[in-house]
Amino acid sequence: TFGAPRAALGDALGGRRVSVSSELHPYRRVLSGECAADELETLLSLVARLFHDRPQRCAARARKLVETSKEHIRERARDPGARFAARSDELVTSGHPWWRPWAEADLDDFDADAAADVFDAAFASPDGFRVVVAGNLKPDDAALAALARAYLGPLASSKDVGADHPRRVEFGFARADGLAPTKADPAPIGARFPEKGPVDSVVRVWSGTAVTDDDAALTRARTQWCFPLRVAGSGDDDPAMAASRLEESVRVEVAARCLEARLTEALRFDAAEVYGVGARASYAIAEPLTSAKVPLDGILSMDCGHDPAKTASIDGRVRDVLAAHVADGPDRRDLDAALAAAKNDHAERLRTNAYWAATLASTYSAPRYYGDLGATYAETSQRRAAIHAALATDAGPGVLRDTLKRCLDDPRRRVRVRLAPPPRLRPAFVVAGGG
């Protein structure tokens, strides 16, 4: 509540179109907000207050938060889709605490003061933060920079707040010398895809307790297959290795689009009784890219909904399609369609503030960033366009085939999670008779 009672803050902001939120991720702290173009100063003033003021501590509100969180946990336990997603996250990270779904018991010993200490230490000083503003803005770049300095510049530095926040180093929000951590400082949290496989899990749906907006979850099965990816760069120096790793990740993204098209054709038209086919590459478990030598570890996942009676046949079909995709590469038709879809999707994202804010903010932490944000983003865009152009040639399918052979770490180390609907009960007949 920015150091003020909630009601007072609501009165002060009445009628203003502005919002601010804060998040803590494994490797970064984020303050984000949205506002009308003429409310930018209001937004910056709220951000400054969040850094300057301490969170209000209230035992009654802490108890209410625990009660609300426990109810949310119970709701998720009744939602088959939420349980399915949570189980998948838990398995592909080898049960890492960050991705393990919360249980009510986790909140029984909730320490509200410790939680406030963590938040207060995370946002004690703006040192180390980067400011990215995207949108239809009236001031020019110079005026915008001056506005940000006017609100955030007078705030205390990381060294100055050390005495008031002695646990900042313990929590990882400051170095031993009191300075803000740099992009080279974060230590990996150790989320790992299972070293041995295959790993299988079934999430059961019980019609008596299930609460879901998707009625199909009560009658159909859903299966997700996950495989480890490792995207590494090559080259004689760090810039070449970082560029090579970026190019490889672009090729993997296109290969996943082609795989989805191939799966859709094989499952929906050959196997029938299949819906919602998808394939994608994600890097949620990747370690911070502190240097060009660090590989980008990710997950290639495929999923679909299907008739429960066809679980075994569909599982075999998916494995066959993936094996053929790796062995032969994509069809020319699928590759052309994937490149066209990627181009259209990118053009749509360019129209959104969310894309620009997130992309530019993440560019600051890229190993290829050497002080010029615009140049780094332009280089990324140019390399992506060059890779797409190269894939549009006759050599494209073979290039993606070789990419998957390099990056698909070990197809035997797969994780498979299945959402199983309630069993169909046979009607019972009772015959009564007398003599």
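**View 1. Arginine 413 is buried in this predicted model**. Its relative accessible area is 12%, and buried means under 20%, exposed over 50% and partly exposed in between, for a 1.4 Å probe and protein chains only. Arginine 413 sits in the loop between α13 (396–407) and β7 (415–420). Helices (H or I, at least four residues) and strands (E, at least two) are DSSP runs, numbered from the N terminus. Residues are numbered from 1 along each chain as its sequence is written. Local features need pLDDT of at least 70, side-chain atom pairs count only at pLDDT 80 or more, totals for chains, interfaces and linings use all residues, and side-chain values use heavy atoms, without hydrogens and water.

**View 2. The side chain of arginine 413 reaches two backbone oxygens**. The oxygen of proline 194 lies at 3.0 Å, and that of glutamate 195 at 3.5 Å. Arginine 413 also touches other residues, including Phe193, Gly197, Cys226, Phe227 and Pro228; contact means heavy atoms within 4.5 Å, and residues up to four places away in sequence are not counted here.

**View 3. The second largest pocket holds about 210 Å³ of space**. Of its 14 lining residues, the closest to the centre are Ser88, Asp89, Val92, Gln224 and Cys226. On a 1 Å grid over the protein atoms alone, a pocket is an open set of points where a 1.4 Å probe fits, with protein on both sides within 12 Å along at least five of seven lines; lining residues have an atom within 4 Å of a point. α4 (80–92), β4 (221–231) and β6 (296–306) each give two or more residues to the lining, and α4 gives the most, with 5.

Terms used:
Polar contact = N/O pair within 3.5 Å; in protein donor to acceptor, adjacent residues only side chain to side chain. Points joined across faces, edges and corners; volume = space filled by probe spheres on them.
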